[in-house]
Amino acid sequence: MTTPYLTIDLGKIEHNARSIVELCGRCGIEVAGVTKGVCGHPGVAKAMVRAGVTAIADSRLENIDRLKAGGVDTPFMLVRLPALSAVDRVVDSVDLSLNSELAVLDALSRAAEKRGCIHEVILMVDLGDLREGVWPDDLPTFLAAAIELPGIRIKGLGTNLACFGGVIPSEDNMARLVELADGIEQKFRIELELVSGANSSGLSLIAAGQMPDRVNHARIGEAILLGRETTHRDPWPGTYQDAFTLHAEILELKNKPSSPFGELGEDAFGGHPGFEDRGDILSALLNVGREDVDVHGITPIDARFSILGASSGYLVIDASSAAGGVHVGDELKFSLNYSALLAAMTSEYVKKRSHRQG
Ligand SMILES: *Cc1c(COP(=O)(O)O)cnc(C)c1O
């Protein structure tokens, strides 16, 4: 296998997904597995489906197409707001989308009508995280108009927290979501089948038994992929954190000073890196860089190695603690956070190798 490459343990992903589906199931919450962090990798989605997720959710239509072409057979949901320019593709590709703009709903409705079908939507409300969503005060007017659109069916109300503003799901903001859903049902005499309140940041609330009963849908990505809740990035009990491993190869290994010399200007990315003079070190150059991963999001699995920095194609590592035990051509392994995983999955230079044990 040429380096760099990413190994994906589908057994671990299935295990993680199963443990989260079970936890949520005990609280009456169904789970959509979110695959945007792996660019709609069909093997990963299939592992989630085997574990019992009721739908696969992704933010990009290209990823949904990849999933379908890869033989993933499940309902699909689009978790990024549809672009007005993409409504026809949205209606063709997914059963359900998240929405917050009337102009888009109107266009989706017309696209669905053209096809003689109904497109289902979850309306998103902003409860303070300040990413997508209708402002709560505007919901009644919004609903009054949305409900008249013949090509769409309002399947639920949802909110997304943590991703942008870092707002932690709480009994308060979840109670507000339920209150808004109840209010809509009464005022407009419709039934909201889904109240979609949680992503990976909501798992602690669910596990503590503090998620209101009416919240019955969650959209979970990171906790399944990387085994962490996302408010403090603590490992989630009963899940693996190491389903993904990045492998890169040592291209050069030499004793060099720990601090550059000569007059110092900007680095390749306009930064002014700081160096601590620690005398000579054993410096290893690896064939992975900013064109492959978020280098701030990777950690060498062997603690004898530490990352000094990176350019587009190189990772510079202090290998002094492993002197004598490493050689040019050796592969080093790294764990990844969500940001690094997303970049590595997106980079065509990082080959993907999935396997399934157990
Ligand atoms: C990405 C995303 C999710 C999944 O979030 P995780 O933190 O990975 O669980 C859920 N909902 C929406 C709207 C998203 O964009």
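The model is predicted, so local features require pLDDT of at least 70 and side-chain atom pairs pLDDT 80 or more, while totals for chains, interfaces and linings use all residues. Residues are numbered from 1 along each chain as its sequence is written, and side-chain values use heavy atoms, without hydrogens or water.

The chain has ten helices and 16 strands. These are DSSP runs numbered from the N terminus, helices being H or I with at least four residues and strands E with at least two. Along the principal axes, the C-alpha atoms fill a box of roughly 75 × 50 × 40 Å. Of the 358 residues, 51% count as buried. Buried means under 20% relative accessible area, exposed over 50%, and partly exposed in between, with a 1.4 Å probe and protein chains only. Among contacts with a separation of 6 or more, 65% join residues 24 or more positions apart. A contact is a pair of heavy atoms within 4.5 Å.

Two helix pairs were examined. Helix 1 (residues 10-26) and helix 2 (residues 42-50) have axes that come within 8 Å and cross at roughly 40°. Axes are lines fitted to C-alpha atoms, for helices over the stretch in contact, and angles run from 0 to 180 degrees between N-to-C directions. The two helices are therefore oblique to each other. Angles under 35 degrees count as roughly parallel, over 145 as roughly antiparallel, 65 to 115 as roughly perpendicular and the rest as oblique. From helix 1, L10, I13, E14, A17 and R18 meet G43, V44, A47, M48 and R50 of helix 2. Six of the contact residues are nonpolar, one is polar and three are charged. Here Ala, Val, Leu, Ile, Met, Phe, Trp, Tyr, Cys and Pro count as nonpolar, Asp, Glu, Lys and Arg as charged, and the others, Gly among them, as polar.

Helix 6 (residues 139-146) packs against helix 7 (residues 171-188) at about 50°, with the axes 11 Å apart. This pair, too, is oblique. Its crossing is right-handed. L139, P140, L143 and A144 of helix 6 meet L180, I184, K187 and F188 of helix 7. The contact has seven nonpolar residues, no polar ones and one charged.

Two asparagines are buried. N199 sits in the loop between strand 8 (194-198) and helix 8 (203-207), with 11% relative accessibility. Its side chain makes a polar contact with the side chain of N160 at 3.0 Å. A polar contact is a pair of N or O atoms within 3.5 Å; within protein, one must be able to donate a hydrogen and the other to accept it, and residues adjacent in sequence count only if both atoms are side-chain atoms. A polar atom of the N199 side chain also lies 3.0 Å from the backbone oxygen of L161. N63 is in helix 3 (residues 61-69) and has 5% relative accessibility. Beyond four places in sequence, N63 touches K36, C39, G40 and D58.

Most residues other than glycine have a negative phi, and most peptide bonds are trans. A cis peptide bond joins T3 and P4, with omega about -5°. L130 has a positive phi of about 65° and is exposed at 53% relative accessibility. R189 has a phi near 50° and is exposed at 76%.

How values were computed. A crossing is left-handed if the near helix is turned anticlockwise from the far one by less than a right angle, and right-handed if clockwise.
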